[in-house]
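Hi everyone, thanks for coming.

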Amino acid sequence: MFDFLKRNKKPEIEVLPVTTDMHSHILPGIDDGAPDVATAIDLVKGIYALGIRKTVATPHIIGDLYRNTPITINTALNELKEACADEKIDIEITAAAEYMLDDHFLQLLRSDSPLLSIHKNSILTEQSFATPTDNLHHIAFEIIAAGYRPIMAHPERYHFYHQNFDAFSHLRDMGFLLQVNLLSLTGYYGKPVTKAAKYLLANGLADLVGTDMHHERHLQMLQNAKSLMLFKDLLGDKKFNELDDL
Ligand SMILES: [Fe+2]
């Protein structure tokens, strides 16, 4: 009798529209993401159930807050990989970093040690949410001259771009790839951020998408059926996060 209701019901989507996540804070105990291995494992199980099979963990490196190094990052990565093996979670986890474009970053860039890249020479960068970065053009030039390809994390979250969406094209002109947070599309960070994220997708300016998952609340929002439907609708047929294409 109610067959017509079943027929008209949209099929429920149970996975994210990508199988690779290139931005997350799942490494235990080294930034404002997962505080310990047990929490990290819960987050990994959560994204695995959402279809993620490769994840690049990107802990913050911020000069006056999280002075992570390849040693702190790889130690946490190995702890998490061991725990995943114990739990028999068949997910590929690598690690890079999310570099705040501060003086500490410039010192690292100008030093002899290589930066931690997402894939090949691509590095994930972020700006302060409070104020635009001074001399961003120059910094982008220096990053590229050093042989790296910069990715700007969540450009839609910077309020100083909300009155001027042309800034997004300017970032690309400087050489940045743009990475949109999936959660930005859900309203999680507020309406102006959602509007900016939708603009980036609708105008083909988004090169990558990421979960930027820090904790359980982020995971729950990603798992939400409405969110999953929204991601599918807004990302359309374009393939995101094929890292070999970077
Ligand atoms: Fe992040």
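This is a predicted model: local features need pLDDT of at least 70, side-chain atom pairs count only at pLDDT 80 or more; totals for chains, interfaces and linings use all residues.

Residues are numbered from 1 along each chain as its sequence is written.

Okay, helix α8, residues 216-223. Helices here are DSSP runs of H or I, at least four residues, and strands are runs of E, at least two, numbered from the N terminus. Which residues of α8 are buried? They're H218, L219 and L222. Buried means 20 or more other C-beta atoms within 10 Å of a residue's own, exposed means 12 or fewer, and partly exposed is in between, with the C-beta atoms placed from the backbone. Those three sit on the same side of α8, because they cover an arc of only 100° around the axis. That arc is taken from the directions from the helix axis to the C-beta atoms. On the face turned away from there, you'll find exposed R217 and Q220.

And what covers the buried residues of α8? The cover includes α2 (37-49) and α9 (225-235). For contacts, the C-beta atoms of two residues, placed from the backbone, have to lie within 7 Å.

So let's look at α9. Here S227, L228 and F231 are buried, again on the same side, since their arc around the axis is only 100°. They pack against α8. A225, K226 and D233 are exposed on the face turned away from the buried side.

V37, A40, I41 and V44 in α2 meet E79, L80, A83 and C84 in α3. That contact has 7 nonpolar residues, no polar ones and 1 charged. Nonpolar is Ala, Val, Leu, Ile, Met, Phe, Trp, Tyr, Cys and Pro; charged is Asp, Glu, Lys and Arg; the others, Gly among them, are polar.

Last stop: Q179, in strand β8, residues 177-181. Is Q179 buried or exposed? Buried, because it has 28 C-beta neighbours inside 10 Å. Leaving out residues up to four places away in sequence, Q179 touches several others, including H23, I151, H154 and D207. Its C-alpha atom is 9.7 Å from that of A197, 18 residues apart along the chain.
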